[in-house]
Amino acid sequence: MKQLDINELVSPSDIAMDDTGGAVVNDRISFLLQEIGMLFDTSRGEVLGDERFGTDFEQFIWDLNASNTDISSYVVNAIYGYTTTGGLFDIGAETTISPGTDSDVIIVKITITDPESDSRPVNAIYRIS
């Protein structure tokens, strides 16, 4: 079973409801971070109507030939392919694979830069085991 620990992420309270019951997003990057959290927390095949949505990190945890570059490319392509706002940002990923007791542990640092803003890039770190 996939376990996901999320550090440096916004909380669900960053999306609030307006008076009509619609979602109000405080900022674009917060919305993307929540989309990434949903994407990473969904295994491929769990969503009815779109069996391709989700991630399959198990393939990397058990693959002895998987490189950090392979996983980083997978992460960036998943974000661009399965989030509604990922294409609005410059996204990079750095991956580290560490040995664990039962299986390897993947640490992914995602860097999100908003090309329409002068603000610093936002980093989100995910631990996948």
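## S72 and its helix

S72 has a relative accessible area of 10%, so this residue is buried (buried means under 20% relative accessible area, exposed over 50%, and partly exposed in between, with a 1.4 Å probe and protein chains only). Its place is in helix α3, where helices are DSSP runs of H or I with at least four residues, strands are runs of E with at least two, and both are numbered from the N terminus. Not counting residues up to four places away in sequence, S72 touches A93, E94 and T95; contact here means heavy atoms within 4.5 Å.

Helix α3 itself has 15 residues and reaches 21 Å from its first C-alpha to its last, close to the 21 Å expected at 1.5 Å a residue (the expected span is 1.5 Å times one less than the number of residues). The buried residues in α3 are I71, S72, Y74, V75, V76, A78 and I79. Their cover includes α1, α2, β4 and β5.

Residues are numbered from 1 along each chain as its sequence is written, and side-chain values use heavy atoms, with hydrogens and water left out.

pLDDT is the predictor's confidence in each residue, from 0 to 100. Its mean over the protein chain is 80, with 80% of the residues at 70 or more. Confidence is highest in α3, at 94, and lowest in strand β1 (residues 4-7), at a mean of 42. Over residues 1-15 pLDDT stays under 50, and the model has 46 contacts beyond four places in sequence for that stretch. Where pLDDT is low, the predicted coordinates should not be read in detail.

## Overall layout

The protein chain has three helices and six strands, and from the N terminus on its elements run β-β-β-α-α-α-β-β-β. Of the 129 residues in the chain, 33% are buried. Among contacts between residues at least 6 apart in sequence, 47% join residues at least 24 apart.

## The nonpolar core

The largest nonpolar core has 26 residues, and those with the most contacts inside it are I36, F40, V75, I79, I110 and I112. A nonpolar core is a set of buried Ala, Val, Leu, Ile, Met, Phe, Trp, Tyr and Cys residues joined through side-chain atoms within 4.5 Å. Two or more residues of this core come from each of α1 (28-40), α2 (58-61), α3 (68-82), β5 (105-113) and β6 (122-128). In soluble globular proteins, nonpolar side chains tend to be buried together.

## Aromatic pairs

A search of the whole structure finds five aromatic pairs; rings of Phe, Tyr and Trp (its six-membered ring) pair if their centres lie within 6.5 Å, and planes under 30 degrees apart count as stacked, over 60 as edge-to-face and the rest as tilted. One of them joins F40 and F57 edge-to-face, at 5.3 Å centre to centre with 85° between the planes. F40 lies in helix α1 and F57 in the loop between α1 and α2, so this pair ties together parts that are 17 residues apart in sequence. Both F40 and F57 are buried.

The rings of F60 and Y74 have centres 5.1 Å apart and planes at 65°, so they too form an edge-to-face pair. Because F60 lies in helix α2 and Y74 in helix α3, the pair ties together parts that are 14 residues apart in sequence. Both F60 and Y74 are buried. Ring pairs link F40, F57, F60, Y74 and Y126 into a cluster.

T83 is found in the loop between α3 and β4 (90-98), and counts as buried at 9% relative accessibility. The side chain of T83 reaches the backbone oxygen of I79 at 2.5 Å and the backbone nitrogen of G86 at 3.1 Å. Beyond four places in sequence, T83 touches L32, E35, I36, L39 and A78.

Leaving aside neighbours within four places in sequence, T85 is in contact with F31, L32 and E35.

Definitions and conventions:
Polar contact = N/O pair within 3.5 Å; in protein donor to acceptor, adjacent residues only side chain to side chain.
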